[in-house]
Amino acid sequence: MDVTKGAEMSREDIKAARQAKKAAKKSKENKKPEQKEEKTIVPKEKAQEQAQPKPAVVKEPVQKAPVEKIEETGSTDKGKVQQKSSKELKEERRLKQEAQRAAKAQKAEQAKAPPVIEAKPSKSVKAVTENVNKPAKPMLTGLARTIATMARECARIDCNPDGVHPAFLQLEARMQSRLLEGSTARVVGLMRALRSVINDYKVPENVAITRDLVEHVEKQVAYLRGRRLMSVALDHAIKSLRLNTLAYDVSEQEAKVTVNAAIDAYINKIEQDMQSVALNLAHKVKDGALLAVYSYSCLIMNALKQLFKTGKRFRVVVVGSNTHNGGMTMLSQLSDLGVECTYLLINQVNFIMPRVQLVLLGAESMLANCSMVGPAGSAQIACVANSQGVPVYACCETSKFSYDSHQGSFFKQNELEPEFLAPQLKNMPYMSQCSLRCDVVPERFISAIITEVTILPCSSVPDVLHSPSSDTVLKSRTT
Amino acid sequence: MKSRMSQFTEIRNKLAFNIKHGNIQGSLEVAKATANFVDLIASSDGWTVASDLLKIVNDEGKKLTTALPLHATVANVLLQLMHIIRAEYYYAVNQSTQAVQRFVESCMNCEEIQEKKFSAQCPGLKDAILDHIAEYKTELDLSVDNITEQAAEQIQPGEVIMTIGRSSIVAAFLQAKKASEHFSDFQVVVAEGAPQCEGVKMAELLAKSKIQTTLISDTNIYSFMSRVTKVILGTNLVLRSGGLRALPGAHMVGLVAHEHKVPVIVVAPTYKFSSMLSESHRSDNETFNLLANPQGVAKFKDGIIASNVKVLNPMYDFVPPDYVSQVVSNIGTYGVSHMFTAINELYGAVEESAKDLKMAVV
């Protein structure tokens, strides 16, 4: 009891107030069962009042429906109630149709899918049939609806594994399960898979090799695109092979040699770029510095390896996340090197941030509006670092600069993680789950971009994209 | 005297054991248990004059807080009850409420406390004190209800509310708003809250109350914040500066909300108001933070890697007062800048009493 408020009241008043409090507490315990009865009585009365002025024909269905509707949705307008019931029917129909469509697609996959993926279709067919029998879930609104729509769009993309080379199927599986993680690693993986595709490729009779080859490769890539695993770096890699500029009269053997050479050259270029980035990074990392890195990045790992071998002694804080293993992979590789490491989760990064000298973030790509796309969580780390005055460097080769430009992380190519956060709550009504894969880090959090050419400020991204010396092939927009 | 001291010692040790080993779950239960303990002391025959009682409570309290350095709820309840005892004494001596008010205001100066010897004999003092302590215990029982009554004003229809981890008071707050009107159409986004991942249970709780919930990973807090209209946090402690000692991730949520200019509301009953001012010395401060078992951060199967590196798992997070906009408690809603005065009024002579109890003050 706040004694200061007792100034005006006398001693008796204080005692009376205490008695009243005790009585209120007792009455509250008795009131609770009564209140529940009152609530159910009120809506029924309201429904009867509504039903009275309406014609007799429509009376019956309206009387029954509002009793449940009011408790759930709070809509008292009779017209809205009728519309909602037909909407619900539409929803049910739509769900059934989708279920049937999904069942068809699953059957088609079942026949062709390699053993790795075989375990999934049977489970999902079961789940789909179960869904059809369950009653329609309450309508989603607002944010939950956005997420559900995104998830549905992701799932709806029809990607047929017919005619896809096993190397690409394997690649897709590795990327999906995050065995192959990080932009650069994925590009190298893609290039290697492409090499096996080219080697196994046989030109059909009487067809121009260039056109057929381009289509063949595009088909493989479309599978990845359907699985939402394509990124800017991968797109650029494919385009740089210049498959559509092969000479018309070249023989199959020569074409294969040319393309393989292009692939090798590209892989070499990637490795050279990684070395250049390492050299540029050396300017920023001082001896004895404490660096922070987030999740796995092939580029940063390589750069740190180089620095360590040239004798620079630094310590690293690896920030991991609960949802993927990138942090642990980075941690194991660094500690194998012999670097002194600390590990914590993204939630606790505030604990260590005052001691950190710089933060290195691996970029998925740089957007034309100068923001960085990185693994989910990068924006938060950059934000915390910014608030503590710690510089944040994005490590990104110029081949990952993109013409795309969007605000915020809800963009079309940002896929939702396949694993649910809490799989046991997957089908619970009123519940939706969302785990985005990528994050857009605003320009103001990033101090500089470390590229293979030089260290650039964020605002130079459009200059690099539009410069006359940049690859004309890459100037076409990515889809 | 010694036999009576040993009587309290056994009870005190049992209480400390129960709290430390989790037999008493939740801050409310801990607060109630501490209040019962002080009630026991006050109703015993070991004291005749207020200064004796204060000395016994102080001694027992000091040993209790030494045994439980991180359970600040215990210290908060002790501070509150000691203030109640002093106020009751002062009233009994002066028989006027105006004098009590002056006394409470003068508690801002610690020398006044030392001047008051509290040694005058007052008939009926014991009953008055026991009465007041019983009232305090009722207040504890009603604390959640008093907070949830304010839910209707704090949340508007159509809002998207973000929270992190699991807090039973925040859950009750949201459920109360949902139950209050038919048109309560708001949504909740719950961040997981690694490493405990209690956010999953929170989402389940809310979804069962028919609140549209979205469970997100901690890594997506920045992405979702642009769509959030309010953040409601539960906390372990509210500090005198208005900052918080909360679960890991709270700092990040507060910071990101600050970036997006989203208001942050903290829901905390009075037994979470602490005498601590700030989190000085950050990670070195033993009474502020604790590095818990790294099992939550690095799983056992990663042990081969983890044995060569330092794995950190701090239990609490400091949220600076800049990121918080208001604190909703059972005695009303406070703006963050008012917390210092509010806590001083609540506990009277905070710094002096806290030092006596060997609690952190700064």
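Mentor: Contact here means heavy atoms within 4.5 Å. The model under discussion is predicted.

Trainee: Which residues of α10(B) does α9(B) meet?

Mentor: The α9(B) side of this contact consists of V170(B), A171(B), L174(B) and Q175(B). By class, the contact has six nonpolar, one polar and no charged residues.

Trainee: Are the axes of α9(B) and α10(B) roughly parallel or roughly perpendicular?

Mentor: The axes of helix α9 (residues 168-180) and helix α10 (residues 199-208) of chain B come within 10 Å and cross at roughly 20 degrees. Angles under 35 degrees count as roughly parallel. Therefore α9(B) is, relative to α10(B), roughly parallel.

Trainee: Does Q326(B) count as buried, partly exposed or exposed?

Mentor: Q326(B) is placed in strand β10 (residues 326-329) of chain B, and its contacts include Q154(B), V264(B) and Y334(B). Buried means under 20% relative accessible area, and exposed means over 50%. Because its relative accessibility is 21%, Q326(B) counts as partly exposed.

Trainee: How many Å apart in space are Q326(B) and M339(B), C-alpha to C-alpha?

Mentor: In sequence, Q326(B) and M339(B) are 13 residues apart. In space, their C-alpha to C-alpha separation is 9.3 Å.

Notes:
Residues are numbered from 1 along each chain as its sequence is written. Chains are lettered from A and ligands numbered from 1 in the order in which they are written. This is a predicted model: local features need pLDDT of at least 70, side-chain atom pairs count only at pLDDT 80 or more; totals for chains, interfaces and linings use all residues. Side-chain values use heavy atoms; hydrogens and water are left out. Axes are lines fitted to C-alpha atoms, for helices over the stretch in contact, and angles run from 0 to 180 degrees between N-to-C directions. Helices (H or I, at least four residues) and strands (E, at least two) are DSSP runs, numbered from the N terminus. Angles under 35 degrees count as roughly parallel, over 145 as roughly antiparallel, 65 to 115 as roughly perpendicular and the rest as oblique. Ala, Val, Leu, Ile, Met, Phe, Trp, Tyr, Cys and Pro count as nonpolar, Asp, Glu, Lys and Arg as charged, and the others, Gly among them, as polar. Buried means under 20% relative accessible area, exposed over 50%, partly exposed in between (1.4 Å probe, protein chains only). Lists of a residue's contacts leave out its neighbours within four places in sequence.
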